[in-house]
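Please have the sequence and the model open side by side.

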Amino acid sequence: MHDMVLRIFLSLFLLISSSSIATSEEDKVKLQVAAFHIANVIEQDGSGEYDKILDQLSNHTGIIFDIKVLPIARARALYTDGKYDCLLPLDPVFEQQHQSHLQSIPLYAAKLYAFTPRGEQPIRNIEDLDGLHVGGELGIPYTEKLIEIIGDNTANRLKDLVQMLETNRFDAIIAYTPDILEIFEHEGIEPLSYDPASPLVVYEDSLTCHPTDLNIVLMKKINDALETMGYAHYRPKIGS
């Protein structure tokens, strides 16, 4: 009789334990995130600064961020088609086209500058680029005015763009920090002429997600966690 009671007790214990484990696993929510590569910011191996921020967010929220690093145009297209829950980072082009989508508290303020050859006067305004031969990186989002100024003067890689300026193929190039600063450091290049106090555009990188009922709840958790982590200098409206 004692053995039977013990067996029943053990069976019930195992049943409850396995049920608890299953529920715990089911409670973990996964967000599929389309992202595009930015040197030392979003990396294929998960070593970038934004990768680390999402790891911290996972620890705070229990949300799993399944990141797929893709070419920019493909990341945006797949997100738009609903193949991914979220896009990282949000960019000016997408912000205009997806006003109703959910946006996290900014992870970083990306600044866009004009760079000129060393020793030349820095360019501080977009208007000062008119009439110059200006280069930009292919696939990188710029304002409509800058797209018009750059035209077809593009390079596939930021490193190539810097080299083209150094060989006088352009009067100026347009690039975001910290991206171009990483190129200077990694390639041992002496920084080009620019004014750190005068960006052409300041854009705050955010995680953007489709405005589903579930994502609205998750974005609130994400923003609460980002506030706790010290990223909240302003809090965007959710689902507005």
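On a 1 Å grid over the protein atoms alone, a cavity is a set of points where a 1.4 Å probe fits but cannot get out, and lining residues have an atom within 4 Å of a point. This is a predicted model, in which local features need pLDDT of at least 70, side-chain atom pairs count only at pLDDT 80 or more, and totals for chains, interfaces and linings use all residues. Residues are numbered from 1 along each chain as its sequence is written, and side-chain values use heavy atoms, with hydrogens and water left out.

One cavity of 30 Å³ or more is present. The largest cavity holds about 50 Å³ of space, where a volume is the space filled by probe spheres set on the points, and grid points are joined across faces, edges and corners. Its lining consists of Glu-137, Ile-140, Tyr-142, Leu-158, Ile-174, Ala-175, Tyr-176 and Asp-179. Six of these residues are nonpolar and two are charged, with no polar ones; Ala, Val, Leu, Ile, Met, Phe, Trp, Tyr, Cys and Pro count as nonpolar, Asp, Glu, Lys and Arg as charged, and the others, Gly among them, as polar. Strand β8 (residues 172–177) gives the largest share of this lining, three residues. Strands (E, at least two residues) and helices (H or I, at least four) are DSSP runs, numbered from the N terminus.

What does β8 pair with? Its antiparallel partner is β5, over five bridges; two strands pair if DSSP finds at least two bridges between them. Within this pairing, Tyr-176 of β8 stands opposite Leu-112. Strand β5 (residues 108–115) is also joined by five bridges to strand β9 (residues 201–205), again antiparallel, and there Lys-111 has Val-202 as its bridge partner.

A separate description applies to an open sheet of five strands with mixed pairing, in the order β2-β1-β3-β10-β4. Its edge strands, β2 and β4 (102–103), each pair on one side only. Two bridges join β4 to β10 (residues 208–209), and these strands run antiparallel; Leu-102 has Cys-209 in β10 as its bridge partner.

The largest nonpolar core has 35 residues, of which Leu-31, Leu-57, Phe-65, Leu-88, Leu-207 and Ile-222 touch the most other members. Such a core is a set of buried Ala, Val, Leu, Ile, Met, Phe, Trp, Tyr and Cys residues joined through side-chain atoms within 4.5 Å, buried meaning under 20% relative accessible area (1.4 Å probe, protein chains only). Elements that each supply at least two core residues include β1 (30–36), α2 (49–61) and α8 (213–228).

Notes:
Buried means under 20% relative accessible area, exposed over 50%, partly exposed in between (1.4 Å probe, protein chains only). On a 1 Å grid over the protein atoms alone, a cavity is a set of points where a 1.4 Å probe fits but cannot get out, and a pocket is an open set with protein on both sides within 12 Å along at least five of seven lines; lining residues have an atom within 4 Å of a point.
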